[in-house]
Amino acid sequence: MDETKLMEFVHTFVGDLGATIAAGGVVLGDRLGLYRGLAAGAALPEELAERTGTAPRYVEEWLRGQAAGGYVTYDPAGGRYSLTEEQAFALTDPDGPIFAPGAFQLALGALRAQSRIEEAFRTGRGVGWHQHDDDVFSGCERFFRPGYSASLVTDWLPALDGVVAGLQRGVRVADVGCGHGASTVLMASAYPASVFTGSDLHAGSIDQARKRVADAGLDSRVRFEAAGAQTFTGGPYDLVTTFDALHDMGDPLGAARHVRSQLTPDGTWMIVEPAAGDTVEANLNPVGRVYYSFSAYLCVPNALSQEGGYSLGAQAGEEPIRRLAADAGFTRFRRAAETPFNIVYEARP
């Protein structure tokens, strides 16, 4: 045995163990307002506790762990803790382009299904989205929404041929697998001449989406239905979108065929999927690790819980998506845009 290699692995293990338990601390920091309180200015533990209505001794231990992990900054001269501009940017704004607490909320929610996932590994059966903890549903939105807020209107839609001009003029849009409606609200807010229909198989998410749209004052132009990607109604549509959803489906080919049937002859299907290469080795990196791990707990089990026989997983890559589109009758397919976390594909009849 190579002792140096062993210690390198132990170093990796210790880092992962610290990150695993620290995930709870990040969610606590968000829910208790500790990060926002610290963003107001450097503080001693008792001062931060006073700002946030929390217990000083708990806050002291939380701050020490956060400083050890690099999530807050410690000044040993004065004993005060603070957030750098970069830390505050990623930890305090749920509407910003990066929001770390949402990702940890999703991860912790997924892990609560540990016993169900373990049984699924033994039997090969699926675990439906509706069987997960509520933190999966809200955490999923808070994980993906920052990326959509940063890129959807400014980069992704403009990368599609002629789509923005149509949205500005007024078209009909279906947002399939919309979850809590974050993507639907972003598009409807940006393009007031167009009308939108969001759909999702999870009825609880549709209930939340309706509330979000009503709060945004968009309910006159946006409707939602609890329906699967193979059964959503209301076409023909000029634009159909799927955001980080196609790989979760047990029958993505059936979904692709239904999308094709619901599009106008010159319509567009915008497919947003996790960033991935076409081979395992291309995905052996930090982003691939995140997506493979989430996929084992969420995406693959959900797909296997549905009819269809598919289980693409979150790191399927471009070629399987291209084949699905072609098999469904789409004649044009291209990669239109990408970020470190997502790839945007354009499919047209």
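Visitor: How many bridges join strand β7 to strand β9?

Guide: In general, strands of a sheet pair through backbone hydrogen bonds, either parallel or antiparallel. Here six bridges join β7 (residues 263–274) to β9 (residues 342–348), and the two strands run antiparallel; Met270, for instance, has Glu346 of β9 as its bridge partner. Strands (E, at least two residues) and helices (H or I, at least four) are DSSP runs numbered from the N terminus, and two strands pair if DSSP finds at least two bridges between them.

Guide: The model is a predicted one, in which local features need pLDDT of at least 70, side-chain atom pairs count only at pLDDT 80 or more, and totals for chains, interfaces and linings use all residues. Residues are numbered from 1 along each chain as its sequence is written, and side-chain values use heavy atoms, with hydrogens and water left out.

Visitor: What is the order of the seven strands in the open sheet?

Guide: The order is β5-β4-β3-β6-β7-β9-β8, with mixed pairing. The edge strands, each pairing on one side only, are β5 (222–226) and β8 (332–338).

Visitor: At what angle do the axes of helix α7 and helix α13 cross?

Guide: Axes are lines fitted to C-alpha atoms, for helices over the stretch in contact (heavy atoms within 4.5 Å), and angles run from 0 to 180 degrees between N-to-C directions. The axes of α7 (residues 114–123) and α13 (residues 286–304) come within 11 Å and cross at roughly 60°. The contact is made by Gln114, Ile117 and Phe121 of α7 with Ala296, Tyr297 and Pro301 of α13.
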